[in-house]
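Visitor: Good morning. Could you walk me through this structure, piece by piece?

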Amino acid sequence: MKCFLNAKTYLNGVGMCIRNIVFDRDVISVGNDEVPRSAEVLSLPDGAVVLPGFIDEHVHGAGGADVMDGSAQSLSVMAQTLAKEGTARFLATTMTQSEENILNAAKAVKQYMSDGGDGAGLLGIHLEGPFISSAQAGAQPEEFISAPDIKLFEKFNSACGGNIKMVTVAPESKGADKFISYLKENGVTVSIGHTSADYQTAMRAVNCGASSVTHTFNAQTGIHHRDIGVAGAALTCDGLYTELIADKIHVSVPAMSLLYKNKPRGKLVLITDAMRAKGMGEGISELGGQTVIVKDSQARLEDGTLAGSVLKMNEAVKNLIECGAEFADAVDCATLNVAKNLHIADKYGSIAVGKRADFTVLDDRFNVLLTIRDGRIIYKNC
């Protein structure tokens with residue numbers, strides 16, 4: 001049994017407060033009652049704040065490792081690297097590749113999840129591709145793009161032990177309506193992304209069961225006064241969760257502010273969309289067999305196309321606040337909102353009695369002091 005004593009804590013629905021937080025193995029109890037004498041007290045420096053553990057639903061790689069390596073070892077490297085930025089849980093995000101490569105990645109996820117592992121906890125897979133539009137492929141290899149295919153999805157899902165939690169889909173693709181409805185019926189979060197869809201097509205996808213927009217503003221139709229596109233649907237449809245790469249590179253500061261101001265509280269989701277170069281410094285890296293050049297915190301293909309990011313989640317929270325977000329809202333965007341989008345808020349995303357003991361502890365400059373998953377310290381810098 002461990003505890004934080006009189007810790008400055010963020011509780012959803014309450015705000016900043018001083019609390020004792022006791023957790024017995026992986027389960028939280030919150031209160032100001034007497035702390036058991038047997039509890040191990042985790043001391044924190046002045047100014048530290050205890051938050052729910054961050055959740056990244058869209059991350060491809062970190063620390064020199066990538067989901068598409070198709071190995072449990074690479075997932076382990078990712079998990080330990082992500083812990084350093086306060087991320088306690090993540091979805092291993094694939095990209096458009098050959099069927100064989102995606103299957104290998106799925107099998108590695110199944111193996112890693114069955115073995116456990118240190119670092120951030122792996123929740124499953126975000127299948128970003130191959131069911132996307134070639135016209136909005138971004139850094140995804142076009143030769144492997146496929147029309148939505150239920151049988152192919154089932155093959156991927158079986159390979160990872162039924163752990164695909166989220167799928168990005170271009171809703172203008174042939175068969176997309178049926179595919180989206182199928183995913184919705186089977187509890188998979190459907191995200192509109194890498195798409196040339198117009199506004200009406202995006203809203204039809206919402207009616208079929210899509211509930212999210214992949215990296216809003218990026219690789220999708222923008223706003224025009226005669227058709228406000230997918231970006232317009234993201235801004236005006238209150239029911240849609242909207243991902244945001246808050247690195248001030250993929251999305252400008254004014255656009256970040258526009259999204260924050262237009263979405264209802266609880267519907268904005270911070271992601272990193274990071275690739276293997278995260279945490280590795282500047283230089284040459286790789287994404288899906290393509291050369292990536294990392295310079296000035298930007299990861300680009302040789303032709304200049306943005307190729308994911310090297311953003312850290314604690315930096316994303318800080319950047320959103322600098323764009324005008326309230327502290328509590330920014331924290332929710334990296335925690336509770338993500339959990340709700342993935343239908344796991346009963347266990348994750350906030351500090352509450354009975355929920356998993358996942359915590360991120362920051363100092364007053366947003367540096368990560370501690371990351372705790374299931375009551376275990378997975379990163380310490382204090």
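Visitor: Before we go on, what should I know about the model itself?

Guide: The model is predicted, so local features need pLDDT of at least 70 and side-chain atom pairs count only at pLDDT 80 or more, while totals for chains, interfaces and linings use all residues. Residues are numbered from 1 along each chain as its sequence is written, and side-chain values use heavy atoms, with hydrogens and water left out.

Visitor: All right. What is the strand order in the sheet of eight?

Guide: That open sheet runs S6-S9-S10-S11-S12-S13-S14-S15, with parallel pairing. S6 and strand S15 (268-271) are its edge strands, each pairing on one side only.

Visitor: Is S6 mostly covered or uncovered?

Guide: Strand S6 (residues 54-59) is mostly covered, with six of its six residues buried. Buried means under 20% relative accessible area, exposed means over 50%, and partly exposed lies in between, using a 1.4 Å probe and protein chains only. S6 runs parallel to strand S9 (residues 87-93), and four bridges join them. Phe 54 has Thr 87 of S9 as its bridge partner.

Visitor: What about S10 and S11, and which helix packs there?

Guide: S10 and S11 also pair over four bridges, in the parallel sense, and Ile 125 has Ile 164 in S11 as its bridge partner. H3 packs on the sheet and touches both S10 and S11, where contact means heavy atoms within 4.5 Å. The direction of H3 makes about 145° with that of S11. H4 lies across S11 and S12 and runs at about 160° to S11.

Visitor: At what angle do H3 and H4 cross?

Guide: The axes of helix H3 (residues 150-159) and helix H4 (residues 176-185) cross at roughly 35° and come within 10 Å. H3 contributes Ile 150, Phe 153 and Glu 154 to the contact, and H4 contributes Lys 178, Phe 179, Tyr 182 and Leu 183.

Visitor: Which residues touch the most others in the largest nonpolar core?

Guide: Of its 63 residues, Leu 75, Phe 90, Leu 127, Phe 153, Val 167 and Leu 183 touch the most other members. Such a core is a set of buried Ala, Val, Leu, Ile, Met, Phe, Trp, Tyr and Cys residues joined through side-chain atoms within 4.5 Å. Helix H2 (residues 99-115) gives the most to this core, seven residues. There is also a second, separate core of 44 residues, with Tyr 260 and Ala 325 among them.

Visitor: Now to H5: which of its residues are buried?

Guide: In helix H5 (residues 199-208) these are Thr 201, Ala 202, Ala 205 and Cys 208. They line one face of the helix, because seen down the axis they fall within an arc of 115°; the arc is that of the directions from the helix axis to the C-beta atoms. The face turned away from the buried side carries the exposed residues Gln 200 and Asn 207.

Visitor: What covers that buried side?

Guide: The cover includes H4, strand S12 (189-192) and helix H6 (229-236).

Visitor: Where is His 194, and is it buried or exposed?

Guide: His 194 is in the loop between S12 and H5, and its 5% relative accessibility makes it count as buried. Its phi is near 45°, a positive value in a residue other than glycine. Most residues other than glycine have a negative phi, and most peptide bonds are trans.

Visitor: Which peptide bond is cis, then?

Guide: The bond from Gly 129 to Pro 130 is cis, with omega near 15°. Pro 130 lies in the loop between strand S10 (121-128) and H3.

Terms used. Axes fitted to C-alpha atoms, helices over the stretch in contact; angles between N-to-C directions. Helix = DSSP H or I, 4+ residues; strand = E, 2+ residues; numbered from the N terminus. Pairing = 2+ DSSP bridges.
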